[in-house]
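Let's walk through this structure together, question by question. Have a look at it first, and then we'll start talking.

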Amino acid sequence: MTESTKKRNLFILKIVLWLLAVCIVTGIAYFIPGISGALTSTYIAEFDNVFVSDKVDCFLVKNEKVTYSDKSGSVSYSVEEGTHVRKFTGVAKVGADVYTAEQPGMISFTADGYETYFTEENLMNITRDEAESFDIVKQNLVKTEASSGEPLFKAVDDKEWYLIFWIDKDEINEYIKNKSVSVVIEDKIKVSAVISDIYDQENEYMVVLKSREYYADLAEKRKVSAEVITVDEAGLLIRQKSIVTVDDNPGVYVKKINGDYKFVRVKILTLVDENAIVASGSFTETVDDAVTQVTTINSYDEILKNPKSIGKGGESVE
């Protein structure tokens, strides 16, 4: 073999090895993204919106006082359906006797017979099987003649009321006691509520929502379809593992132009799986009755994946 042939073969071998090396690196970068991602120390904070909801059937629990006639006679009414009255306001007459509201609230001339079961006091005893077994039929109480013992009307306290529903145990993560939620009732009315209680009932949980918002159909409705919105937040999406605490303040390390990292405080809006939605640009906080504005991260900031890699401390953004 001549010298020129050896040089040519060596050159070809180098080209082949170079191409092989390129193929290996490309395969690692593009076909094994987990390895590629592990080699990256930062990621970009991007704007995102997280929306989590459940469509459920709810039973309405409220404080209802039904007034009954204690005599027979002709009936007349001085108050219309849905009117808000004070306690002891005259609502109906049977003969010459006046019947008054037993509590302040909304007057209703409908009843379903379950006013003493769906009460705040009985919440912990309500079960899904029992509630769904009831044949709930709305009865019109308006009449021209009444017999002794017949219901005349009821007063419903609409200043505070409850919605209850059941969630499978593997879907309960978004439901935390005292957390605020929104409820869209029958695709029409949206009210705010608070998760007041969660009861463990064998294979599922009963969730109790408390609301103080006005709902026009509260008095006559017992069961409604609803969408319970547990998360509806817009902000920057970051990884929970990136968040550290410095001087009792949560924050992340942001990469600066010179390659160093700077600690920047964050305000966590909500946690979803392994991520967090945080405020963008700035947020306010109250310390000793003084409201201050805190600068935080922005879109496209480079966030350090593993804060432990640079140790504790960091410069805080004021």
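## Pocket, strands and rings

Author: About 330 Å³ of space lies in the largest pocket. On a 1 Å grid over the protein atoms alone, a pocket is an open set of points where a 1.4 Å probe fits, with protein on both sides within 12 Å along at least five of seven lines. Grid points are joined across faces, edges and corners, and the volume is the space filled by probe spheres set on the points. This is a predicted model, where local features need pLDDT of at least 70 and side-chain atom pairs count only at pLDDT 80 or more, while totals for chains, interfaces and linings use all residues. Residues are numbered from 1 along each chain as its sequence is written, and side-chain values use heavy atoms, with hydrogens and water left out.

Reader: Okay, how many residues line the largest pocket?

Author: Lining residues have an atom within 4 Å of a pocket point. Glu64, Lys65, Glu115, Thr116 and Thr119 lie nearest the centre of the largest pocket.

Reader: Which residue in β20 does Arg239 stand opposite?

Author: Strand β15 (residues 223-239) pairs with β20 (residues 275-278) in the antiparallel sense over four bridges. Arg239 also lies over the face of Tyr43, at 4.7 Å from the ring centre (a charge sits over a ring if NZ of Lys or CZ of Arg is within 6 Å of the ring centre and within 35 degrees of the ring normal). In β20, the residue opposite Arg239 is Asn275.

Reader: What about β12: which residue in β15 stands opposite Val184?

Author: Strand β12 (residues 180-185) is joined by six bridges to the antiparallel strand β13 (residues 189-201). Their hairpin has three residues between the strands, and there Glu186 takes a positive phi near 50 degrees. β12 also pairs with β15, antiparallel over four bridges. Opposite Val184 stands Glu227.

Reader: Is Glu202 buried or exposed?

Author: Most residues other than glycine have a negative phi. Glu202 is not a glycine, yet it has a positive phi of about 60 degrees, and it lies in the loop between β13 and β14 (204-211). Buried means under 20% relative accessible area, exposed over 50%, and partly exposed in between (1.4 Å probe, protein chains only). At 70% relative accessibility, Glu202 is exposed.

Reader: Now the rings: how are Tyr77 and Phe109 arranged, stacked or edge-to-face?

Author: Rings of Phe, Tyr and Trp (its six-membered ring) pair if their centres lie within 6.5 Å; planes under 30 degrees apart count as stacked, over 60 as edge-to-face and the rest as tilted. By this rule there are ten aromatic pairs. The rings of Tyr77 and Phe109 have centres 5.0 Å apart and planes at 75 degrees, so this pair is edge-to-face.

Reader: Where in the chain does Phe109 sit?

Author: The pair links distant parts of the chain, 32 residues apart, with Tyr77 in strand β3 (residues 73-77). Tyr77 is partly exposed at 26%, whereas Phe109 is buried at 5%. Phe109 sits in the loop between β7 (105-108) and β8 (110-111).

Conventions
Two strands pair if DSSP finds at least two bridges between them. Helices (H or I, at least four residues) and strands (E, at least two) are DSSP runs, numbered from the N terminus.
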